[in-house]
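Dear colleague,

Please find below the sequence and structure that I am handing over to you. My findings follow.

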Amino acid sequence: MILTTTPTIEGRTIIEYKGVVFGEVVAGVNFLRDFAASIRNFVGGRSGSYEDELINARAQAMREMEDRARQLGADAVVGIDIDYEVLGEGGGMLMVTASGTAVRLN
């Protein structure tokens, strides 16, 4: 399965549009991770635990989108967009949404 942010794939022709596909992940952030991140914010530096959570959520959203495209018989997903939102009281939830157009190629 080819996954790309571009609207076309060089050297390939889109022969059928299967529709827009999505992958959504909502992940909670735990207290210990918040505490560690707040200490890093105070003393400076990167928050590896938050970065790992973001990387995992993005990968899971992409896999979910790819699975949905495969169920439609697609060969690729073009025009992929990834969005991030913070949800919940106090911003305790991270939502990652991946979307794109499932297509068949020749």
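The secondary structure of this predicted model amounts to two helices and four strands, where helices (H or I, at least four residues) and strands (E, at least two) are DSSP runs numbered from the N terminus. Along the sequence, the elements follow the pattern β-β-α-α-β-β.

Two conventions apply throughout. Residues are numbered from 1 along each chain as its sequence is written, and side-chain values use heavy atoms, with hydrogens and water left out. Because this is a predicted model, local features need pLDDT of at least 70 and side-chain atom pairs count only at pLDDT 80 or more, while totals for chains, interfaces and linings use all residues.

Regarding confidence, pLDDT (the predictor's confidence in each residue, from 0 to 100) averages 86 over the chain, and 80% of the residues score at least 70. Strand S1 (residues 2-3) has the highest confidence, at 98, and helix H1 (residues 31-43) the lowest, at a mean of 52. Where pLDDT is low, the predicted coordinates should not be read in detail.

The strands form an open sheet of four in the order S1-S3-S4-S2, with mixed pairing; two strands pair if DSSP finds at least two bridges between them. S1 and strand S2 (14-28) are at the edges with a single partner strand each, so one side of each has no neighbour in the sheet. S3 and S4 run antiparallel and are joined by ten bridges. One of the bridge partners in S4 is Met 93, which pairs with Leu 87.

Val 77 belongs to strand S3 (residues 76-87) and is buried, with a relative accessible area of 0%; buried means under 20%, exposed over 50% and partly exposed in between (1.4 Å probe, protein chains only). Beyond its neighbours within four places in sequence, Val 77 has contacts (heavy atoms within 4.5 Å) that include Met 1, Ile 2, Leu 3, Val 21, Met 65 and Ala 69. Val 103 is 26 residues from Val 77 in sequence, yet the C-alpha to C-alpha distance is 6.0 Å.

Thr 97 is located in strand S4 (residues 93-105) and counts as buried because its relative accessibility is 14%. With neighbours within four places in sequence left aside, Thr 97 is in contact with Phe 22, Gly 23, Glu 24, Asp 81, Ile 82 and Asp 83.

For the chain as a whole, 28% of the 106 residues count as buried. Of the contacts with a separation of 6 or more, 76% are between residues 24 or more positions apart.

With kind regards
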